[in-house]
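Subject: Structure for you to look at

Hello,

Here is the structure I said I would pass on. Please open it first, then read my notes below with it on the screen.

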Amino acid sequence: MGEVPLLPYESGNLGSLTLARFIDGRRVDFERLGDTVRLAVRFLDDVIDVSRYPVAELEPPAHASRKVGLGVMGLAEMLASLGIPYDSMPALRLAARVMGYIAREARLASTALAEERGPFPLYDRSRYPADGVGPIRNAQLTSLAPTGTVALVAGPTSGIEPM
């Protein structure tokens with residue numbers, strides 16, 4: 001997961017939401033998007049626990065920081081389906097709103113997971129307590145990873161790139 005800083009032997013689990021799938025008529029269905037973000041964060045956190053690590057050195061750092069990278073694909077497709085030009089201010093505003101919403105919902109999901117399962121083990125040594133961020137389950141939550149191959153398989157436009 002080179003899209004976020006990683007320490008030696010650290011890993012992260014990447015997942016992508018297909019933004020175009022959250023269009024309802026002429027609007028973004030934020031309620032369904034939030035439900036999916038919360039489910040995706042839980043799923044990616046679960047992957048850390050059920051994974052079989054190919055090298056023994058990978059497992060302790062993965063569990064210590066519990067980094068996940070929830071990203072998106074299909075931004076251009078979402079904008080086109082809403083009739084919004086990709087290179088416009090309305091597109092920038094909508095992208096900022098959607099990504100801000102995803103980040104907030106991911107943080108809320110990780111906070112809920114921390115209440116249920118405990119924070120990531122390195123939480124007390126992280127920057128979060130000093131920043132006033134309550135216990136969270138995952139040191140990293142979002143990432144805008146390249147989704148070329150994933151998009152080819154799933155079908156939407158790739159990542160946040162134009163068509």
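Start with helix 4, whose buried residues are Ala-91, Leu-94, Ala-95, Val-98, Tyr-101, Ile-102, Glu-105, Ala-106, Ala-109, Ser-110, Leu-113 and Ala-114. Buried means under 20% relative accessible area, exposed over 50%, and partly exposed in between, with a 1.4 Å probe and protein chains only. Helices (H or I, at least four residues) and strands (E, at least two) are DSSP runs, numbered from the N terminus.

The model is predicted: local features need pLDDT of at least 70 and side-chain atom pairs count only at pLDDT 80 or more, while totals for chains, interfaces and linings use all residues. Residues are numbered from 1 along each chain as its sequence is written, and side-chain values use heavy atoms, with hydrogens and water left out.

More on helix 4

Helix 4 has 29 residues and spans 41 Å from its first C-alpha to its last. That is close to the 42 Å expected at 1.5 Å a residue, where the expected span is 1.5 Å times one less than the number of residues. Its buried residues pack against strand 1 (13-18), strand 3 (27-28), helix 1, strand 4 (68-73) and helix 3 (75-81). After helix 4 comes Gly-118, with a positive phi near 100°.

The whole protein

The protein has five helices and four strands, and from the N terminus on they run β-β-β-α-α-β-α-α-α. It has 163 residues, of which 45% count as buried. Among contacts (heavy atoms within 4.5 Å) with a separation of 6 or more, 72% are between residues 24 or more positions apart. The accessible surface is about 8,900 Å², and 58% of that belongs to carbon and sulfur atoms; areas come from the Shrake-Rupley method with a 1.4 Å probe, and for residues only the protein chains shown count as cover.

The cores

In soluble globular proteins, nonpolar side chains tend to be buried together. A nonpolar core here is a set of buried Ala, Val, Leu, Ile, Met, Phe, Trp, Tyr and Cys residues joined through side-chain atoms within 4.5 Å. The largest one has 33 residues, and Leu-33, Met-78, Val-98 and Ile-102 have the most contacts inside it. Helix 1, strand 4, helix 3 and helix 4 each give two or more residues to this core. Helix 4 supplies the largest share, nine residues.

What does Val-98 touch, not counting residues up to four places away in sequence? The list is Leu-19, Val-28, Phe-30, Leu-33 and Met-78.

Aromatic pairs

Rings of Phe, Tyr and Trp (its six-membered ring) pair if their centres lie within 6.5 Å; planes under 30 degrees apart count as stacked, over 60 as edge-to-face and the rest as tilted. By this rule there are three aromatic pairs. Phe-30 and Tyr-101 form an edge-to-face pair, with 5.0 Å between centres and 80° between planes. The two are 71 residues apart, Phe-30 in helix 1 (residues 30-50) and Tyr-101 in helix 4 (residues 89-117), so the pair links distant parts of the chain. Phe-30 is buried at 13% relative accessibility, and Tyr-101 is buried at 17%.

Phe-120 and Tyr-128 also pair edge-to-face, at 6.1 Å centre to centre and 80° between the planes. Phe-120 is buried at 3% relative accessibility and Tyr-128 at 7%. Ring pairs join Phe-120, Tyr-123 and Tyr-128 into a cluster.

Salt bridges

A salt bridge is a side-chain nitrogen of Lys or Arg within 4 Å of a carboxyl oxygen of Asp or Glu. The structure holds 14 of them. One joins Lys-67 and Glu-10 (2.9 Å, N to O). Lys-67 lies in the loop between helix 2 (59-65) and strand 4, and Glu-10 in the segment before strand 1, so this bridge ties together parts 57 residues apart in sequence. Lys-67 is buried at 12% relative accessibility, and Glu-10 is buried at 10%.

Asp-45 and Arg-66 form another, with their closest N and O atoms 2.9 Å apart. Asp-45 and Arg-66 are both buried. By contrast, Arg-127 and Asp-131 meet in a salt bridge (3.1 Å, N to O) where Arg-127 is exposed at 54% and Asp-131 partly exposed at 49%.

Regards
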